[in-house]
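Please open the structure in your viewer and keep the selection tool at hand.

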There are 2 protein chains.
Amino acid sequence: MPITLEEIAKLSGVSRSTVSRVVNGHENVREETRKKVQSVIDELNFQPNIAARSLAAGKTGIMGLVIPAGVSALFSDPYFPQLIQGISSACNKRDYSMMLWVDEPNYRLRTIRQLLYSGLLDGVIISSMLMEDPIIKSLYERHMPLVLIGRHPELNVNYIDVNNQAAANKATSFLINCGCSRIATITGPINMIAGYDRYQGYCTALDQHGFDLDNSLVAEGDFTEVGGYDAMKQLIPQKPDSVFIANDTMAMGALRALHEAGIRVPEDISIIGFDDSPIAPHATPPLTTMRQSPYDMGCEAVNTLIEIINNQVRPPQQIVIESELVIRESCLSKEFVKEAI
Amino acid sequence: MPITLEEIAKLSGVSRSTVSRVVNGHENVREETRKKVQSVIDELNFQPNIAARSLAAGKTGIMGLVIPAGVSALFSDPYFPQLIQGISSACNKRDYSMMLWVDEPNYRLRTIRQLLYSGLLDGVIISSMLMEDPIIKSLYERHMPLVLIGRHPELNVNYIDVNNQAAANKATSFLINCGCSRIATITGPINMIAGYDRYQGYCTALDQHGFDLDNSLVAEGDFTEVGGYDAMKQLIPQKPDSVFIANDTMAMGALRALHEAGIRVPEDISIIGFDDSPIAPHATPPLTTMRQSPYDMGCEAVNTLIEIINNQVRPPQQIVIESELVIRESCLSKEFVKEAI
DNA sequence: AGAATATATGAGAGCGCTCCCACAAAGAAA
DNA sequence: TTTCTTTGTGGGAGCGCTCTCATATATTCT
């Protein structure tokens, strides 16, 4: 039996309205009154009923987070956990709460309906990865306050993203500058925007440096360790001298395949990953990689969403975070070796 | 501007009450009326306002899920992602939604308050791992419908758990039966219940087979890959002939340390893990391990919680799932080798 | 047939809150 | 002083729903 505003009012000898003002930090309450009411609130551990507040004010302080199913595969990658943690942490700071929706295709209609029409959510963060996503489209069309993690290929919508193309380009260029010439890549799924963008960055880097794209040096992975392992096995017969791998988790798998095959890293082959995930510095050898911080992206997304919720209509915010090259020991500069000899 | 019951009522020429009955599947509505109303509902994509429903009925169809912070460490393990997916999937099936609370110590008071007093949650699932958890205690004392993932050391509360002790015992006994005699272990954090229980199982197995506990063969890990790697490095000088490792993620790290040290698995040392995580069959060599399914535990937890919510007071449900030994190639039977020679 | 029961629908109250407006008390301007 | 503002507080309406109760219609029993 929870406590109500009315009871607090009775106990502190003021009206319901005044208690409401105290709870919501409105001005025009005498300091003395405020203190008296606050002490009753604290004593009884009063917490306003969110449902009632929502009904009356049209705001809930709750935001939705939609992440794709198939996370059990994707989740072997620490990307989502970090993202969730960032979002959750930022929500706590801003006094918001988070509802999590795992987007299972079978229940997609239910998800969309509840997201949109239940009146429970002030806004939604979507970490979709697919090129086409019906949820995004629905929410966008209905003007639900919305922030994406990762850019959208068509819609002019708010998003936070790393500059995947530029980062992949930088990574590939780094391999080229190390003197590598048979540069392979293990991509993410090409129907995911991040997978697509990183592959594009690889292609443009090759092009800019006068290399031709060799399809036998391209293997599509799925962002999992095992996917990286399999893709690397497929690439080994092509004898690449370096590989740009679209995330660190696949790089770990690739490393495993190379160790098994007796191919040394970086002496025989240079490896560069993507993410700078927690495991990268602990790989054997420590992994050169492109840094991105899903935790920070999550925080940024929350703050952006709250701005949107509060300020109503604004030009879409599209925040692109540059990714930084983290050089460790998995790449060997051929020039450097020549000099050393 | 969402649609309301009243509007549906007007459009279908019945009263608000009748629409409510249709929406909630009550009986005593003429089939003809029901169809008429339903068609209007479908056409307008009507979704009842959860807040209003909650206020009026005292139920929301929302459950809370609390998982510990530090997940970014723990999340490198697929345990939580799978658990979340199981819970989410079961919620979808049962027409519930899930709010996720990452338990950050700094915001614990806020979490508890909102969990308990906001009136938004019909029940809570807690996947705490610590021996002492103030959140559990608060919710328990206030009679919030509650299911734990993992047993509680004191409280007589509903939970779903694997039989960690028995499973660890089985794993250790398996190593003994393979002819191993210097059996090491890499434990989880001992202040986590699962870590503690698995360690206990290891100890009792040793005891039952007449081995003494040798503390130099015990290394405490933290359930992460890197933790497993470090712990294994610490154990190698002790020259164990086998290791029981409290989860597969640490086992992957241990395997890495062993490869680096040139120690062959299983020829030189036998390794057994815990979880049968997705990566286990793909390890080098494929990992013998104890199977548990956090996905299924999540489903079970949801179903149990919904029962509790609906049936009010019941004796605490304590569901213990037996864990199954999955034999792969990371353990070698010494007997078998002798025979082979 | 009339009375008793079963079935279908509507009206009203109220869940706990916010927000608008009314009004009292106090201070500033005339 | 009177008038006009400012500040602090209370009362009422209403958010969209569920639920109980009253009422109207259909079915069964004597």
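Begin by selecting B:Asn49, which caps the N-terminal end of α4(B): one of its side-chain oxygens is placed 2.7 Å from the backbone nitrogen of B:Ala51. The model shown here is a predicted one.

Next, display α4(B) itself. Which residues of α4(B) are buried? They are B:Ile50, B:Ala51 and B:Ser54. These residues span an arc of only 100° around the axis, and therefore lie on the same side of α4(B). Their packing partners are α4 and α7 (108–117) of chain A, together with β1 (62–68) of chain B. Now turn to the face of α4(B) that points away from the buried side; there the exposed residues B:Ala56 and B:Ala57 are found. Just after the helix, select B:Gly58, whose phi is positive, at about 75°.

Proceed to DNA strand D and the protein residues around it. There are 26 of these residues, and the ones that come nearest are A:Ser15, A:Thr33, B:Leu5, B:Arg16 and B:Ser20. Of the atoms of DNA strand D that come within 4 Å of the protein, 57% belong to sugar and phosphate.

- Select A:Ser17: a polar atom of its side chain lies 2.8 Å from a base oxygen of DNA strand D.
- Select A:Arg30: a polar backbone atom of this residue is 2.8 Å from a phosphate oxygen of DNA strand D.
- Select B:Arg16: an N or O atom in its side chain is 2.6 Å from a base oxygen of DNA strand D.

Colour the elements that give two or more residues to this surface: α2 (16–23) and α4 (50–57) of chain A, and α2 (16–23) and α4 (50–57) of chain B. By residue type, the surface near DNA strand D comprises 11 nonpolar, 10 polar and five charged residues.

Now select B:Ser277, in the loop between β9 (270–275) and β10 (288–291) of chain B. Is B:Ser277 buried or exposed? B:Ser277 is buried, because its relative accessible area is 6%, under the 20% cut-off. Apart from neighbours within four places in sequence, B:Ser277 is in contact with B:Pro78 and B:Asp248.

Key
Residues are numbered from 1 along each chain as its sequence is written. Chains are lettered from A and ligands numbered from 1 in the order in which they are written. This is a predicted model: local features need pLDDT of at least 70, side-chain atom pairs count only at pLDDT 80 or more; totals for chains, interfaces and linings use all residues. Side-chain values use heavy atoms; hydrogens and water are left out. A residue is near a molecule or strand if one of its heavy atoms lies within 4 Å of it. A polar contact is a pair of N or O atoms within 3.5 Å; within protein, one must be able to donate a hydrogen and the other to accept it, and residues adjacent in sequence count only if both atoms are side-chain atoms. Helices (H or I, at least four residues) and strands (E, at least two) are DSSP runs, numbered from the N terminus. Ala, Val, Leu, Ile, Met, Phe, Trp, Tyr, Cys and Pro count as nonpolar, Asp, Glu, Lys and Arg as charged, and the others, Gly among them, as polar. Buried means under 20% relative accessible area, exposed over 50%, partly exposed in between (1.4 Å probe, protein chains only). Contact means heavy atoms within 4.5 Å. The arc is that of the directions from the helix axis to the C-beta atoms.
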